[in-house]
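Here are my notes on the model, set down as numbered points for a colleague who has the coordinates open. I have kept to what can be checked against the atoms.

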Amino acid sequence: RDMKKSVFKGLLATVLVCAIFAMAAGDVSVATTPVSEAVSEEVFAASSEEYFDIEDGTLYEYYGDAKKVVIPNSVKVIDGGAFWYTNKSVEVLVIGKNVKKIVPGALKGLKNLKEIKVASGNKYFKVYENVLYNKKKTKVVAVPAQLDQVKLSTKAKTIGAYAFAGSKIKEVKLPSKVTKI
């Protein structure tokens, strides 16, 4: 993965230098269409894959610095270390429509996370009261770190490992159905 990043960064630098020289020579014009008119959110998410280390459908690391991160549709699994080290800026995370597994602790490093969303069409996850659950809302998967209070679904039976990791929440009233933490 580190080799891929190095090669990619080298190619990107080369392309940028060539583009600068071409613009200086007047051979290239710059498009002025706003991004919102030029591409849809789904296309933007796919083009943002340059900030993700993805192999065979598994997201191993996000190393961008956006406040809103949309997990690309090519991702099926979010690995346990995907957000552990470099993500102090992420405030909103959108779980992609094809994500079917989130390894416990995968969102642990998102210290400034305020909101989690799930893309339309995702068959495995759901958000209720800004808490990420499995689709049936029987397992709490993750709670944004910046929440200071939370209301859990009465259907919750399991609190997943690391679900409250890094959270500012000091007290939680557990639903009566919770039998596993």
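**Notes on strands, rings and cores**

1. Strands β9 and β10 are joined by two bridges and run antiparallel; here strands (E, at least two residues) and helices (H or I, at least four) are DSSP runs numbered from the N terminus, and two strands count as paired if DSSP finds at least two bridges between them. Y133 has V140 as its bridge partner in β10. The two strands form a hairpin with four residues between them, and K137 in the turn has a positive phi of about 65°.

2. Some words on the basis of these notes. This is a predicted model, in which local features need pLDDT of at least 70 and side-chain atom pairs count only at pLDDT 80 or more, while totals for chains, interfaces and linings use all residues. Residues are numbered from 1 along each chain as its sequence is written, and side-chain values use heavy atoms, with hydrogens and water left out.

3. In outline, the protein has three helices and 11 strands, and from the N terminus on its elements run α-α-α-β-β-β-β-β-β-β-β-β-β-β. Of the 181 residues, 35% are buried, where buried means under 20% relative accessible area, exposed over 50% and partly exposed in between, with a 1.4 Å probe and protein chains only. Among contacts (heavy atoms within 4.5 Å) between residues at least 6 apart in sequence, 34% join residues at least 24 apart.

4. Four bridges join β8 (residues 125-128) to β9 (residues 131-134) in the antiparallel sense, with K126 standing opposite Y133. The hairpin of β8 and β9 has two residues between the strands, and E129 there takes a positive phi near 55°. Strands β10 and β11, by contrast, run parallel and are joined by two bridges, K139 having T158 as its bridge partner in β11.

5. What lies over the face of Y128? The residue is K137, at 4.2 Å from the ring centre; the criterion is that NZ of Lys or CZ of Arg is within 6 Å of the ring centre and within 35 degrees of the ring normal. K137 is also the residue with positive phi in the turn between β9 and β10.

6. S153, in the loop between β10 (139-142) and β11 (158-159), is buried, with a relative accessible area of 3%. Leaving aside neighbours within four places in sequence, S153 is in contact with Y128, Y133, K137 and P175, and two of these residues, Y128 and K137, make up the ring and the charge of the previous point.

7. A search of the whole structure finds three aromatic pairs; rings of Phe, Tyr and Trp (its six-membered ring) pair if their centres lie within 6.5 Å, and planes under 30 degrees apart count as stacked, over 60 as edge-to-face and the rest as tilted. The rings of F52 and Y62 have centres 5.0 Å apart and planes at 50°, so this pair is tilted. Because F52 lies in β1 (residues 52-55) and Y62 in β2 (residues 58-62), the pair ties together parts that are 10 residues apart in sequence. F52 is buried at 8% relative accessible area, and Y62 counts as buried at 3%.

8. Y62 also forms a tilted pair with F83, at 5.9 Å centre to centre and 40° between the planes. This pair links distant parts of the chain, 21 residues apart, with Y62 in β2 and F83 in the loop between β4 (77-78) and β5 (92-95). F83 counts as buried, at 0% relative accessibility, and F52, Y62 and F83 form one aromatic cluster.

9. The largest nonpolar core has 24 residues, and I71, I78 and F83 have the most contacts inside it; such a core is a set of buried Ala, Val, Leu, Ile, Met, Phe, Trp, Tyr and Cys residues joined through side-chain atoms within 4.5 Å. The elements that give two or more residues to this core are β1, β2, β5 and β10. Leaving aside neighbours within four places in sequence, the contacts of I71 include F52, L59, I78, F83 and L93. A second, separate core of 12 residues includes V131, Y133, A156 and I159.

10. Lastly, an open sheet of three strands has the order β3-β5-β7, with parallel pairing. Its edges are β3 (68-70) and β7 (115-118), each with a single partner strand, so one side of each is left without a neighbour in the sheet. Strands β5 and β7 pair over four bridges, and V94 stands opposite K117 in β7.
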